[in-house]
Amino acid sequence: MSRERRVIVKGKEKEPEMGKGRGAIEASTMTRILLLLSGEHASLPYSEVYAILASEGAEFIELERHDQVLVVKGDERVVRHLKRRAAYVMEGGAFITWSKPSAEELLQACNYADWSFLKGRSFGVRISRVKDYWKGIASSQVEGLVGGAIKDMTDSRVDLESPDVWIRGVITDGGIFLFRQDFRTDRKAFAKRRPKTRPFFHPGVLEPKIARVFVNLSRVREGERFLDPFCGTGGFLIEAALLGLCTYGVDLDKRMIKGAAKNLRHYGLDAELILGDARRLSFREVDGMSTDPPYGRGTSTKGESVRNILTEFMREAHGIIKDGGFMCIAAPQEIAIQEIAISSGFRVHEMHSMRVHKSLTRSIIVVEKVAG
Ligand SMILES: C[S@@+](CC[C@H](N)C(=O)[O-])C[C@H]1O[C@@H](n2cnc3c(N)ncnc32)[C@H](O)[C@@H]1O
């Protein structure tokens, strides 16, 4: 490949992080952890949690699933990896108790709960409601009930400005769930990276949060090889490089390669960008891929039908992805991308649907290359 066709973007040197890597000794105390998920999509937030924890090798067991709430049993790695990687997890922490949505039941649950972690620490209670569940019970009433119960049972002081511990509650389809807020994901960081704030913008680029979800669904972890073969302005590459993946991007359009390089430099990130055709990839092997190929509506396909491009691309992708590797790919629903994936030899791991507007619903599928 000639020099002009390959752009290597080098970011700043990073300080090595202490105690990282597969060899590090991990604590193995399993506790119940509640995760409050984003309501931006009905199924993707749960899948993102599973994909992150699987790729990081963090063991966990799902205990309960409700609207925007997942209760799992796992060790501290669950919190560490989700906090660092997830876009659709909003916050989480140690599960405290659960009750049906009634004042009596809630008080009873609070009386049985273990509040010993509050010893010598101030606390505040804040309740959120998912959608319109149990509107008969006001959030302020729940806050008062829980706060009062804790005050009766402990010597902890209430501080609603900056308490040592936030006790959080979620009112959702399954009832009222209380947890100790141990982490919050940085929602503002995603907003700050909005595509329109980057030096190079082109319509059709996905917002950073959904781009991050696509990258996470590829199950590629730090130091492994990630490829977006239709990389456009580099939205997925930015999210992948921020996670420390070895990031590669391919695009047929020279303007996109130049623009993606500009965008990656803007954030001081490393990536290798290649001007080329996703149907003829010059890679030996990659660990996983995520991509949002052209839909034939506004984005360039150079006169080719989207179905043909995807059929040829899928065969090529199957050849370069490692055995057991995953790819997350989107396409308009009517293309039936899952059928193209199956006929190329992939196993469809999961499918999601995302309505974009009246005449476009996107299918998002995650496929696996099964060994053998
Ligand atoms: C929907 S856009 C990708 C948007 C991208 N996710 C971003 O962050 O900007 C699809 C891209 O595929 C590129 N493309 C079209 N046909 C291609 C092909 N055969 N091989 C590689 N790239 C191609 C287009 O130039 C376009 O940039």
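Residues are numbered from 1 along each chain as its sequence is written. Because the model is predicted, local features need pLDDT of at least 70 and side-chain atom pairs count only at pLDDT 80 or more, while totals for chains, interfaces and linings use all residues.

**The two domains**

Begin by colouring domain 1 (31-86 + 88-184) and domain 2 (188-368), the two parts into which the protein chain is divided, with bounds that come from an automatic or database domain assignment. Their C-alpha centres lie 34 Å apart. The contact between them takes 13 residues from domain 1 and ten residues from domain 2, where two residues are in contact if their C-beta atoms, placed from the backbone, lie within 7 Å. On the side of domain 1 that touches domain 2, select helix H1 (residues 44-56), which gives the largest share, eight residues. Helices (H or I, at least four residues) and strands (E, at least two) are DSSP runs, numbered from the N terminus. That side of domain 1 divides into six nonpolar, four polar and three charged residues, with Ala, Val, Leu, Ile, Met, Phe, Trp, Tyr, Cys and Pro counted as nonpolar, Asp, Glu, Lys and Arg as charged, and the others, Gly among them, as polar.

Select next methionine 30, in the loop between strand S1 (6-9) and strand S2 (31-37). Methionine 30 touches Lys73, Gly74 and Asp75, not counting residues up to four places away in sequence. With 15 other C-beta atoms within 10 Å, methionine 30 is partly exposed; a residue is buried if 20 or more other C-beta atoms, placed from the backbone, lie within 10 Å of its own, exposed if 12 or fewer, and partly exposed in between.

Move on to glutamine 68, in the loop between strand S3 (60-66) and strand S4 (69-74). Glutamine 68 counts as buried, with 23 C-beta neighbours inside 10 Å, and its phi is near 65 degrees, a positive value in a residue other than glycine. Most residues other than glycine have a negative phi.

**Helices H3 and H4**

Show helix H3 (residues 103-112) together with helix H4 (residues 139-153), which pack at an angle of about 30 degrees with their axes 9 Å apart. Axes are lines fitted to C-alpha atoms, for helices over the stretch in contact, and angles run from 0 to 180 degrees between N-to-C directions. H3 and H4 are therefore roughly parallel to each other, a description used for angles under 35 degrees. The contact is made by Ala103, Leu106, Leu107, Cys110 and Asn111 of H3 and by Val142, Leu145, Val146 and Ala149 of H4; by class, these comprise eight nonpolar, one polar and no charged residues.

In helix H6 (residues 208-217), ten of the ten residues are buried, so H6 is largely enclosed by the rest of the structure. Just after H6, arginine 219 takes a positive phi of about 60 degrees.

Finish at alanine 336, in the loop between strand S14 (321-332) and helix H10 (337-343). Alanine 336 has a positive phi of about 55 degrees although it is not a glycine, and, with 15 C-beta neighbours inside 10 Å, alanine 336 counts as partly exposed.

Notes. Parallel < 35°, antiparallel > 145°, perpendicular 65-115°, else oblique.
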